[in-house]
Amino acid sequence: MIAKDRLIFPLDVPDAQEARKHVTLLSEHVGVFKIGLELFVSEGPPIVDTIADLTDAGIFLDLKFHDIPATVQRAIRSGSCLRRANFITVHCDPGLLEAVAAEVPDHTKVLAVTVLTSLDARQLTALGIQPELAEEVVKLVVHRARIAIEAGCAGVVCSGHEVQAVKEEFGMDLLVVTPGIRPEWGEVSKDDQRRIVTPYQAVRNGADYIVVGRPIRAATDPAVGSRTEGVTRR
Ligand code: C5P
């Protein structure tokens with residue numbers, strides 16, 4: 001994989017017009033475009049075709065499904081937009097992951113969200129996670145990654161702090177996608193992301209893909225902010 005292929009850009013924008021603008025501007029520099037809740041809720045399922053028709057980059061439908069297995073399974077069965085998605089996300093819940101992994105078409109990779117990168121030890125403790133796992137988030141991530149593998153998922157989403165442990169435990173074939181990327185040269189700080197690393201650290205630790213949103217969107221010139229020599233720079 002060349003550096004560009006590893007870069008996932010989240011289309012966290014309010015409407016299709018803004019999304020088209022970013023896809024046109026960044027297609028040369030980005031391996032995968034991610035459609036998340038904001039754009040999906042505002043534009044509905046046709047946005048997946050709109051984006052897929054505009055670019056050769058991969059499509060990541062990041063809806064982070066979390067409900068009882070039968071409900072999510074039925075949603076996936078009825079969602080024709082999923083056919084264009086190379087990746088979808090599901091929260092880490094054993095029965096749910098299994099149901100989803102069994103339902104998706106072959107070309108769609110199911111990624112299990114282990115522990116959101118916006119959560120830190122304090123918040124995990126507040127959520128009732130046992131202290132040993134809350135204070136050493138890596139243990140919780142590895143525990144959940146095991147659940148994901150056993151359920152047949154292609155990969156997991158976790159922060160750059162945990163990638164190395166996940167790869168060491170489960171081998172290189174398990175895909176790891178890493179959000180919470182904050183370049184030292186970036187203009188974004190003090191936001192909702194807690195477990196952050198630089199793009200350089202994430203890739204060095206073994207991330208297959210990095211998700212870089214606000215640091216690129218906030219750059220004076222997003223196309224320059226997304227250039228892969230920038231992304232692999234510390
Ligand atoms: O770089 P930035 O913080 O803007 O990127 C945030 C994007 O990454 C959002 O689209 C968010 O949904 C996604 N994401 C995340 N944490 C996860 C999974 C996905 O921040 N665990």
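Which residue of β8 is the bridge partner of Leu7? In the predicted model described here, Leu7 is partnered by Ile210 of β8. Residues are numbered from 1 along each chain as its sequence is written. Because the model is predicted, local features need pLDDT of at least 70 and side-chain atom pairs count only at pLDDT 80 or more, while totals for chains, interfaces and linings use all residues; side-chain values use heavy atoms, with hydrogens and water left out.

The strands form a closed barrel of 8, in the order β1-β2-β3-β4-β5-β6-β7-β8, with parallel pairing. From one strand to the next, the twist averages 25°, where axes are lines fitted to C-alpha atoms, for helices over the stretch in contact, and angles run from 0 to 180 degrees between N-to-C directions. Strands (E, at least two residues) and helices (H or I, at least four residues) are DSSP runs numbered from the N terminus, and two strands pair if DSSP finds at least two bridges between them. Strands of a sheet pair through backbone hydrogen bonds, either parallel or antiparallel. Strand β1 and strand β8 (residues 209-211) run parallel and are joined by 2 bridges.

Strand β3 is paired with β2 and with β4. With strand β2 (residues 32-35), the pairing is parallel over 4 bridges, and Phe33 has Ile59 of β3 as its bridge partner. With strand β4 (residues 87-91), β3 runs parallel and is joined by 3 bridges; here Phe60 stands opposite Phe87 of β4. Of the 8 residues of β3, 7 are buried, buried being under 20% relative accessible area, exposed over 50% and partly exposed in between (1.4 Å probe, protein chains only). Lys64 belongs to β3 and is partly exposed, with a relative accessible area of 30%. The phi angle of Lys64 is near 45°, a positive value in a residue other than glycine.

Strand β6 (residues 155-157) is joined to β7 by 3 bridges, and the two run parallel. Val157 has Val177 of β7 as its bridge partner. In a regular strand the side chains alternate between the two faces of the sheet. Both faces of strand β7 (residues 175-178) are covered, with Leu175 and Val177 buried on one side and Val176 and Thr178 buried on the other.

The largest pocket holds about 590 Å³ of space. It is lined by 31 residues, of which Lys34, Asp62, Lys64, Pro179 and Gln193 are the closest to its centre. On a 1 Å grid over the protein atoms alone, a pocket is an open set of points where a 1.4 Å probe fits, with protein on both sides within 12 Å along at least five of seven lines, and lining residues have an atom within 4 Å of a point. The largest share of the lining, 4 residues, comes from β3; α2 (37-43), β3 (58-65) and α11 (214-217) each supply at least two residues. By type, the lining comprises 14 nonpolar, 8 polar and 9 charged residues.

Pro14 is located in the loop between β1 (7-10) and α1 (16-26) and is partly exposed, with a relative accessible area of 45%. Apart from neighbours within four places in sequence, Pro14 is in contact (heavy atoms within 4.5 Å) with Glu38, Leu39 and Ser42. The C-alpha atoms of Pro14 and Val41 are separated by 9.1 Å, the two residues being 27 residues apart along the chain.

Note on methods:
Grid points are joined across faces, edges and corners, and a volume is the space filled by probe spheres set on the points. Ala, Val, Leu, Ile, Met, Phe, Trp, Tyr, Cys and Pro count as nonpolar, Asp, Glu, Lys and Arg as charged, and the others, Gly among them, as polar.
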